[in-house]
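Let's take a friendly walk through some strand pairing and the turns that go with it. Have the structure open as you read.

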Amino acid sequence: MKITQDLCDKCVSVLTDDGYNASVVECEPKQYAVYIDSVWDAELQNTTSFRLHDEEIMYHASHWVGYVNLGNGNEQQVG
């Protein structure tokens, strides 16, 4: 499955709701990735970022729950 911006956005939404600092990065045109930011490295005494694997992006995105505007002033929960 191709990793789309929509999947990455859903993944980031789930991760930030869980308290992680995550972001979507467009690596190349229409190629997206998710990075977990500000991860503390005790040995280096510094923070670092790392990229999630595609399988992890799909896993977290599958737990996304959101709302869709139905166009009549109402929203419906999806996810």
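Strand E2 and strand E3 (residues 46-51) are antiparallel partners, joined over 5 bridges. Strands here are DSSP runs of E with at least two residues, numbered from the N terminus, and two of them pair if DSSP finds at least two bridges between them. Asp41 sits opposite Asn46 in E3.

The two strands E2 and E3 make a hairpin with 4 residues between them. Which residue in this turn has a positive phi? That is Gln45, at about 55°. Gln45 is not a glycine, and its relative accessible area of 53% makes Gln45 exposed (buried is under 20%, exposed over 50%, partly exposed in between, with a 1.4 Å probe and protein chains only).

Strand E1 (residues 22-28) runs antiparallel to E2 (residues 31-41), and 6 bridges join them. Among the paired residues, Glu26 has Tyr32 in E2 as its bridge partner.

This hairpin leaves 2 residues between E1 and E2. Lys30 lies in that loop and has a positive phi of about 65°, although Lys30 is not a glycine. Lys30 is exposed too, at 62% relative accessibility. For context, most residues other than glycine have a negative phi.

## About the model

This is a predicted model, in which local features need pLDDT of at least 70 and side-chain atom pairs count only at pLDDT 80 or more, while totals for chains, interfaces and linings use all residues. Residues are numbered from 1 along each chain as its sequence is written, and side-chain values use heavy atoms, leaving out hydrogens and water.
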